[in-house]
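Colleague: I have a model open and would like to learn how to read it. Could you walk me through a few features?

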Amino acid sequence: MPRASILSGVALRSAMLILVVLALVMGVAGWAILNTTRTAMAAQGQSVILEDVNLLHDAYTTGGEHELTRFIENAVATRSDKQFAFGLFEPSGRVIAGNITRAPSFHGWGSIEAPTAQSEGDPPFLAYTEKLGNRVIVVARSQHTAAAIADAILEALIASGIVIGGAALVIGYASSRRVSVKLAIIDDTLAEVAGGNTEVRLPIGRSSDQIDHVSRQINAHLDRLSDFMGAMRNTIVAIAHDLKSPLGHAYMLLQQAGAARTPREAASMIDDAQTEMDRLSQIIDTVLRISRIEASNDSSSFATFSASDLVRDLAQTFEPVAEAAGQKLNLRLPLAEVPLFGDRRMIQQMLVNLIENASRYAGPNTLIELALEARPTGPALIVGDTGPGVPAAYRAEVLKPFFRIESERTAPGSGLGLALVAAIAARHHARLELTDNRPGLRATIAFPAVPVRRHALPRAA
Amino acid sequence: MKLLVAEDDPQSSAFIRKGLIQEGHQVDSFADGRDVLSACLYTPYDMLILDRMMPGMDGLSVLKSLRAAGRQLPVLFLTAMGDIDDRVEGLLAGGDDYLVKPFHFSELSARVTSLARRPQHNPKATRLALHDLELDLLERTAVRARTAIELQAKEFALLEILMRNAGRIVTKTMLLERVWDFTFDPRTTVVETHMSRLRAKVDKPFDVPLIHTTRNSGYSIHAPR
């Protein structure tokens, strides 16, 4: 598995994208949390400082400067947490009491770097200074806890970012690798198909993911392709075989004509050779026609025509032909005219093939039925006979090109008639069914209902 | 007649030329579509026998250019492209007849003769007559020697085509195309059966037969000589 294809995989790239977005979101959210925490801590610090300032005011009010000094010294001595600093200064800056070493230069709120001897290296203290009588009081509070909390929040954010990001990258890499492996298999398989092996198939995983879905589709196409190739190989063999027999006959007849004793005998053999060549030409024409009908999707030759007229016309044409073969042709038509949407010539040829098949295989003293039915699902054409019929096992087979039932091998015909019928039916999206006519064979072609198309039918005047 | 054969296969071209010359026609031939077009534009031919696949310019384009230039000479397509769609395309482009290779020379000959005489018979004529046989095309009735003959629609159509081409051979394929609109050869004896029924009505009850079969060619109708 080439690393480059994993690294360029969609899963990994999505993971990276998620990572960048996550970093941005966490950055913004972290900044907001930090800011809020800092503001809240500062507000809390200020209120604690103001409480002490109030106590200093009370002490001054009660006992003057003396009480004030005593309170500050007492506070410095008793508050052991080193979080607080107090200072009492003369306006000149000279220290009177407290542990703050220097008088700050501001009044009101401010911050002081290292106000006491012990606070060297600590973060600046939040401080409040004010004139009380003719002295300056300073109350400061260490910001150490607020800074520690902010640091802890920041560290937690960074640590969770690293863990989530790392996990995203690992998951991304793993799924990208999994997808890449599957794609590589598809790649190899399709390369093998392109090389001519249509028997290979893609493995389908148990996860049933999108790739499995696509693989299933590809396998279905490969199945069709290999069926098609198999059918094509069989057809080519059948064509070659069926073309060779009239060719062989003609070749033989021409040789005999060359050795004929009288010109009359020679002429007759040449005529027969020509008939064989005609048969050959017809087989080729029919094969070409079938392949053209199957390949084309063009319905520009389709129009709405009267199926009743067509069927009536064909009954007139084949009634004497059937009679000459000792058969009777029955016509069954609905009273109302039945329109059909399609290629009239194709449907005509389809019916002629079916009628001729019926007439040829049914034998004398049989009945041939030609019928048109207007079904709710669409028009249906039916050609039935009361001959020996086709065994159920062969009914699908006889629709394939060049297929002929073994017992009929010696009968004339190319085995293409029904294949052409099937191709024409498929071209019209019609359903072709061969069923038992009890006795005999019954071919039904059920067309879809005439599509509603503008100008398809002439408007009533 | 002065005919032009447009065919790029020398063997086929020689075969067609030889046959048509033997029948008394004057024949020119070209293998390139462009030569065919310019020859037709500058020489008054009576008919063009046109292959579809030719070097230089294909047959269909030659015909379209000729019709666009107002040349109305009859054109018979003689081609290996024999599918119904090809045929329809050829006739829509202005072709008068379509014959698919391989072909019997007698088929070509019959079609050339039929096509050449086409403008001479009056398509608006409502009656056709030959010897003692008369057809009324409006009433769809046939009378021979003052006896009415009852004909089925297909039999009437067969007789009409024979009479329109009286004295000339009409082939089985021509009848299939014109009476039945079949562009394929059915495997049963459609033409033979209907022709035999027609003869049973038109010829059998009378002394002199009018309809004749020419072996391997087709049918013709003519008055007794």
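**Reading burial, rings, helix and core**

Modeller: Start with Tyr98(B), which is buried, with a relative accessible area of 2%. Buried means under 20% relative accessible area, exposed over 50%, and partly exposed in between (1.4 Å probe, protein chains only). This is a predicted model: local features need pLDDT of at least 70, side-chain atom pairs count only at pLDDT 80 or more, and totals for chains, interfaces and linings use all residues. Residues are numbered from 1 along each chain as its sequence is written, chains are lettered from A and ligands numbered from 1 in the order in which they are written, and side-chain values use heavy atoms, without hydrogens and water.

Colleague: How is the pair of Phe77(B) and Tyr98(B) arranged?

Modeller: A pair of aromatic rings is described by the distance of the centres and the angle of the planes. Rings of Phe, Tyr and Trp (its six-membered ring) pair if their centres lie within 6.5 Å; planes under 30 degrees apart count as stacked, over 60 as edge-to-face and the rest as tilted. Here the centres are 5.5 Å apart and the planes at 45°, so Phe77(B) and Tyr98(B) are tilted. Phe77(B) sits in strand β4 (residues 75-79) of chain B and Tyr98(B) in strand β5 (residues 97-100) of chain B, so the pair ties together parts 21 residues apart in sequence. Strands (E, at least two residues) and helices (H or I, at least four) are DSSP runs, numbered from the N terminus. Phe77(B) is buried, at 0% relative accessibility.

Colleague: Which residues of α1(B) are buried?

Modeller: An α-helix has 3.6 residues a turn, so residues three or four places apart point the same way. In α1(B), the buried ones are Ser13(B), Ile16(B), Gly19(B) and Leu20(B). Down the axis of α1(B), its buried residues fall within an arc of 140° (directions from the helix axis to the C-beta atoms), so they line one face of the helix. Pro10(B), Gln11(B), Lys18(B) and Gln22(B), on the other side of α1(B), are exposed. Just after α1(B), Gly24(B) has a positive phi of about 95°.

Colleague: Which residues touch the most other members of the largest nonpolar core?

Modeller: In soluble globular proteins, nonpolar side chains tend to be buried together. A nonpolar core is a set of buried Ala, Val, Leu, Ile, Met, Phe, Trp, Tyr and Cys residues joined through side-chain atoms within 4.5 Å. The largest has 84 residues; Met350(A), Leu381(A) and Leu159(B) touch the most other members. Apart from that core lies another, of 21 residues, including Leu4(B), Ala39(B), Met54(B) and Phe77(B).
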